[in-house]
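Morning, everyone. Please look at the model on the screen while I walk you through a few features.

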Amino acid sequence: MPTWLFVIQALLIGAILFTVVPHHVLLRLQVVVWTIGVVAIAVIVGVDAQDRFYSNDQVLHTTIVRTLLNWSWLPETSALDMRLPYALPAVAITYLGISEILALKTVSLICLLALSHELLSQFHSTRLSEQVKTLYITGCGLIGSFFSLLALRETMMMLFAYLFFAKKSPAVRASSITMLVLLRFHLAVALLVAEILIFVLSLVRTKGRLQYAFPIFLVLIGTLLGNFFFHLGRGDLGRGDFTVLKNFGLTEIRAIASNFVGLQFLTTREWSVNFSIRSLLLLRVLFSETVVIQALFTLVALLLGPSLSRRGQITLVAFSFYVSIATSTDFNSFRQNVPFMPILGTVVLDVLMQHRRLKEPSLSSGRVKSAAATIELRET
């Protein structure tokens with residue numbers, strides 16, 4: 001496709017979305033940033049080469065869309081490999097004459113806008129500074145906008161992970177976890193295992209017995225379960241090649257711990273990293289959410305101890321489970337953790353909101369109970 005035609009299509013999509021999104025300055029700003037960014041990548045990198053900008057997974061997604069357009073199927077692939085929840089909407093958009101990669105990027109933006117709208121509605125505030133903080137702490141700021149520029153499924157996984165985590169409707173939760181199964185199987189398993197485990201632990205009242213050691217216990221059990229499921233999936237158990245002590249040591253502990261503060265590149269195998277340490281540190285400064293969100297969540301979990309909310313407990317187990325699997329592969333990077341950003345951030349925002357309400361000087365005892373009830377209602 002000629003560059004001028006791609007640019008016109010991107011501008012047209014940007015104009016349409018700018019018009020139809022809710023009239024909120026931050027949502028419209030996301031559309032403007034997307035339009036400028038998509039055009040810039042196409043002009044600087046080249047329309048035909050942009051699918052290799054940042055990640056060549058975009059090549060796979062573009063190939064999947066083209067294959068589905070021809071009413072075909074990639075050979076020797078399953079439904080899990082086809083990333084259908086992400087690819088099928090892009091296929092529908094391409095029928096309008098939009099290029100395949102631009103259609104995928106449009107889906108990425110729509111998912112970011114939907115997620116941002118949900119978060120701004122949940123943590124409602126009339127102050128723009130509070131709204132910016134909400135999007136920043138949930139990964140919908142710079143990092144979310146960056147992934148909306150790419151033909152990658154990260155913003156869609158962020159959206160469905162959040163919906164499964166935050167919504168009470170069984171239909172919404174069931175459809176969200178189904179989408180996650182098709183997008184990234186072990187992410188869905190991590191969330192489901194965490195839900196079941198926290199329910200079981202609540203029956204035996206483990207939290208009251210362990211007190212402030214309870215979060216450490218959740219991290220440990222989530223990590224061990226993730227390690228077990230990883231080797232179960234590889235078939236190591238059937239061959240008798242797996243024992244906990246053999247596959248879980250100091251190296252694994254360091255790698256998992258680094259994920260909780262967003263510095264996993266410091267413990268990743270050197271040959272699997274494409275950038276220098278200096279470059280990666282600079283990227284952490286630019287996309288500071290990748291460090292701030294995970295570090296804040298870790299701090300909140302450790303400080304609250306037995307007072308950590310049920311949703312916080314589920315998140316802690318799910319994240320530990322998920323990270324344990326990621327660190328067992330060659331794909332341990334901040335990109336792997338992006339789907340968890342809205343969930344981690346929501347737990348932090350809940351705590352900050354409750355703390356702010358309790359510290360208001362005019363807050364009466366009745367309003368304190370109301371504030372606590374609001375937080376409790378959001379968890380259920």
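Start with helix 20, residues 341-359. It has 19 residues, and at 1.5 Å a residue they should span 27 Å. The expected span is 1.5 Å times one less than the number of residues. The end C-alpha atoms are 27 Å apart, so the two agree. Helices here are DSSP runs of H or I, at least four residues, and strands are runs of E, at least two, numbered from the N terminus.

This is a predicted model: local features need pLDDT of at least 70, side-chain atom pairs count only at pLDDT 80 or more, and totals for chains, interfaces and linings use all residues. Residues are numbered from 1 along each chain as its sequence is written, and side-chain values use heavy atoms, leaving out hydrogens and water.

Which residues of helix 20 are buried? Among them are Met341, Ile343, Leu344, Val347 and Met353. Buried means under 20% relative accessible area, exposed over 50%, partly exposed in between, with a 1.4 Å probe and protein chains only. Cys111 has 7% relative accessibility, so Cys111 is buried. Cys140 is buried too, at 2%.

How many disulfides are there? Zero, counting a disulfide as a pair of cysteine sulfur atoms within 2.5 Å.

Now the whole protein. There are 21 helices and zero strands. Buried residues make up 50% of the 380 residues. Take contacts, meaning heavy atoms within 4.5 Å, with a separation of 6 or more: residues 24 or more positions apart account for 72% of them.
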